[in-house]
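Please keep the model in view while reading.

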Number of protein chains: 2
Amino acid sequence: MTEEKETKKKIEIIENSLGRKFPSYIEGYGEVIPFQGAWSNLYLKKKPTTLSLGSEIRPQDKMCSTLEEALKKCKVFNGMTVSFHHHLREGDGIVNLTMKALKEMGVKGIKLAPSALFNVHSGLVDYLNDGTIETVLGSMNGSIGVQVSLGKMQGVGVLRSHGGRVRSIVQDDMHIDLAVIGAPTADNYGNANGIDGKSACGPLAYSNIDSKLADKVIIVTDNLVPYPASPISISQVNVDYVVEVESIGDPNKIVSGTLRIVRKEPLITISNNTAAVVEHSGLMKEGFNFQAGAGSISLLTVERIGEMMKKTGVKAGWVNGGTTSLIVDLFRQDYVKKLTTCQAFDLVSVESLRNDKNHLEINIDEYANICNKGCLVNLLDIVVLGATEVDVDFNVNVNTHSDGYLKHGIGGHQDTAAGAKLTIITVPLARRDNPIIIDSVTTVTTPGECIDVVVTEDGIAVNPLRPKLEKMLKEAGLPVMDIHELKELAEKKAGKGYVKPETKERIVAVIEWRDGSVIDVVREVVPKEKK
Amino acid sequence: MTEEKETKKKIEIIENSLGRKFPSYIEGYGEVIPFQGAWSNLYLKKKPTTLSLGSEIRPQDKMCSTLEEALKKCKVFNGMTVSFHHHLREGDGIVNLTMKALKEMGVKGIKLAPSALFNVHSGLVDYLNDGTIETVLGSMNGSIGVQVSLGKMQGVGVLRSHGGRVRSIVQDDMHIDLAVIGAPTADNYGNANGIDGKSACGPLAYSNIDSKLADKVIIVTDNLVPYPASPISISQVNVDYVVEVESIGDPNKIVSGTLRIVRKEPLITISNNTAAVVEHSGLMKEGFNFQAGAGSISLLTVERIGEMMKKTGVKAGWVNGGTTSLIVDLFRQDYVKKLTTCQAFDLVSVESLRNDKNHLEINIDEYANICNKGCLVNLLDIVVLGATEVDVDFNVNVNTHSDGYLKHGIGGHQDTAAGAKLTIITVPLARRDNPIIIDSVTTVTTPGECIDVVVTEDGIAVNPLRPKLEKMLKEAGLPVMDIHELKELAEKKAGKGYVKPETKERIVAVIEWRDGSVIDVVREVVPKEKK
């Protein structure tokens, strides 16, 4: 939809099915399709993209001696969309390297399309200011999101879930002119993977669709190996040029050496409650599956689930990750038959992906894209997710904090929540003096209809759409209560009520639902005076 | 191009750059682009296809209890194009099973698009007769080709190389309505591979592009395993339905238990000469690569190359296959660093693909497609290929015999010949009383410009386009002679000269060059009276 500037229609304020209001047309974004329900909008945007064909007629060397040379050969231009993956996380060196080169080449108005940005990219603010970057079409974590919230970006950002990003590329909402892919291992013809080399990050799952559908693709590697590099996560058939550099990032910040689990309250109680929900959900049967992230509550919950498996002898068919050593341990002890991984969070996971035959890299199309013939999230039994806020309609916010600042991407939140049989949101009742369960979330990321249970340290609320589940959990003696009761507990704990952040009219970012409809917008924040 | 019935242009007889003549428009095929050289036509057909998007909005069971049920759900229709792979070779049960079901459902005018047909499919002749099948858009090996040569098919067949078939699908010359993929192993969501199960065939490389671009995809398996089946050769994201059947074929005919090498003259001398050409070509250096097939001359040549590697200590970087146990042995002895495989010819190769980390399945797009950003054949050093005929212009025929009958597909012949630095054609001077080196081949499959050396038992001819190579081989003392001399030797050995087969005007099949231009046509044969 970006750049769709057709005959001027009358712009009016519309409301989606969750009551969020925004203009029917947003300058810099385009026509808005309002969210109408988790499964309602799929057919609206059935516009498949075409494949990009190769440009070479004869075998030729794809190697370029510098990134600049490769960029020149790709004929970079003003206003182009340039994509990156975030597998290197806080260790990433590729985005900054590429943007510096593009700036030096005088390219302006770039639409940056990373799968996510992190604090390591906070220097990009300068490029937002000087017009090198027009907008960010991707998740913004940390300081870059704060800057955008303060109105420092000329264009309008678009946040999509992991699956929604793939959909947007496949349906040509976001056409990628150039993908620059940092590869921990590659050969001179462009085959690449993330499991070997000093900068090993695990999968290259986020870049898979970019490599297939971008017009031009550059592989940047710090570990050039003899042909053919294997396994093949990114294939030569999609790669135009290969560049060898000294370093694609800081290995210490790419994956953690070891996991750090914060073992304190209320996290311990929340995870115990979560494990109890899993236990009594009726889903923990032989061959079941689940996904849980790398936050402490998730990790503690996985520990509890592991203990239950060992106690009962019930084994999991597969676990999807964001993979951590905790999951790999269960897999190696044969409590989990197979691991599927889009992202590896620690060295043990990378090493397992490299060596264990039943540990598979799956790409994000396979993981979460709503518009293919079937993605993995559709088969998920249980997912454990976090939130920055939850409201009494079970709507979840993961993008903004209570102060209105955009600080997180969507990740796979929408996708797994929509797909899983049991979607559990784990939150403390309060953070500092902010209640986390409130009347209406600052920003809706995932609609209440996709959420089954909200687990806190003092109580569990079950979505009224799931009466059977509520009955089962009550009968098991879990502290089930109404979501409004939870809200009251949260307010008591926080010491103050929710105060809506003060915002301007201007929209700084659009939050898309995974099907391309708009579930909410983020507006420019009026900063509070510091005390 | 099939079915392109635009405004009627005047049909005239045109000639391609090899002097082959045919009409500018062939009914049932369409407008003809004449071949103009191995690398000339690439930009003519730059029409990429669009991606097919998924049709399911909610997770749902893809399992069907019968193939008929799956076919019905795919809404089969008259005139549709249905594709298959040939990994199960003479053991294939899927083509016959599917065609029987389609006939019973009353579907007519089917365009059959297998990667290849074999003798096991000879019963399809009945379907050609009764109009169930209109034409075969794929390689025809053995008896089915003979029937087509005799005019038993209503439509016009189209033969394409392995790479050319992928190109035709990507550029939408051949739009596949339905791909039915026999899978030795699959899960209930459509992930599939060929390396496990009683019908294990190795890779599923031929079906990869079909699965990605066909409108509908059915997986038929006799080894349904828990989700997720792995490795993932065919991905769930491309699969509509899955059917479990008792058997997808006859395992004894899918892969050979052991290789049978015919050790007799002139094969032994030809392979010794071929190995000598390799030895003195200057290409057999550390890290070199090659491809050789499963015929006896190829196998004997690989034995010789293996001996040379052991003697000199020179190791290969990689070998591409059609993989055989001979190659796997060299790989396991560390004389070959990596194996890439599109097709496994014996049980040892299947087992190696299953277990050896450095033995990779590559799909046909990666192997041989001329219109992507770089396929493997572009990097080939040496390929050893056969022929049914070679002419004094070095043109090669692999499709028809001297009697004019269509009996073989193109395979990777065109692709590897065009890509490799050194393309060696190995042939006996005569077969029965037919000379094999003649003035002009019955059918051109691969143009002389792609052929470097022709090796026979009594002499070696080097393409005049390669004077340096000729000098090197002469200096090494090899029996290098002019191709015309070889032709005379062939005629002497055969006892009779080449007699052009008698054909009718009617074109029964079109031979495409890998870029989609027409390199030759096959005409209906007037059968000789049996003696």
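With which residue does B:E470 form a salt bridge? The partner is B:K474, and the closest N and O atoms of the two are 3.6 Å apart; a salt bridge here is a side-chain nitrogen of Lys or Arg within 4 Å of a carboxyl oxygen of Asp or Glu. Because B:E470 and B:K474 are four residues apart in helix α14 of chain B, they are separated by about one helical turn. B:E470 is partly exposed at 22% relative accessibility, and B:K474 is likewise partly exposed, at 48%. For these terms, buried means under 20% relative accessible area, exposed over 50%, and partly exposed in between, with a 1.4 Å probe and protein chains only.

The model is predicted: local features need pLDDT of at least 70 and side-chain atom pairs count only at pLDDT 80 or more, while totals for chains, interfaces and linings use all residues. Residues are numbered from 1 along each chain as its sequence is written, chains are lettered from A and ligands numbered from 1 in the order in which they are written, and side-chain values use heavy atoms, with hydrogens and water left out.

Over all chains, a search of the whole structure finds 60 salt bridges. One of them joins the side chains of B:K373 and A:D240 at 2.7 Å, N to O. This pair crosses between chains: B:K373 belongs to the loop between α12 (364–368) and β21 of chain B, and A:D240 to the loop between β15 (216–221) and β16 (241–244) of chain A. B:K373 counts as buried at 4% relative accessibility, and A:D240 is buried with a relative accessible area of 2%.

Another salt bridge brings together the side chains of A:E524 and A:K504, at 3.1 Å, N to O. A:E524 lies in strand β31 (residues 518–525) of chain A and A:K504 in strand β30 (residues 503–512) of chain A, so the pair ties together parts that are 20 residues apart in sequence. Here A:E524 is buried, at 11%, whereas A:K504 is partly exposed, at 42%.

Helices (H or I, at least four residues) and strands (E, at least two) are DSSP runs, numbered from the N terminus. Two strands pair if DSSP finds at least two bridges between them. In chain A, eight strands form an open sheet with mixed pairing, in the order β20-β19-β18-β17-β21-β24-β28-β29. Strands β20 (359–361) and β29 (460–462) of chain A stand at the edges with a single partner strand each, so one side of each is left without a neighbour in the sheet. Within the sheet, strand β21 (residues 382–385) of chain A runs parallel to strand β24 (residues 422–426) of chain A, and four bridges join them. In this pairing, A:V383 stands opposite A:T423.

The domain assignment, which comes from an automatic or database source, divides chain A into domain 1 (62–255 + 505–524) and domain 2 (267–501). The C-alpha centres of domain 1 and domain 2 of chain A lie 28 Å apart. To the contact between them, domain 1 of chain A contributes 44 residues and domain 2 of chain A 43 residues, where contact means heavy atoms within 4.5 Å.
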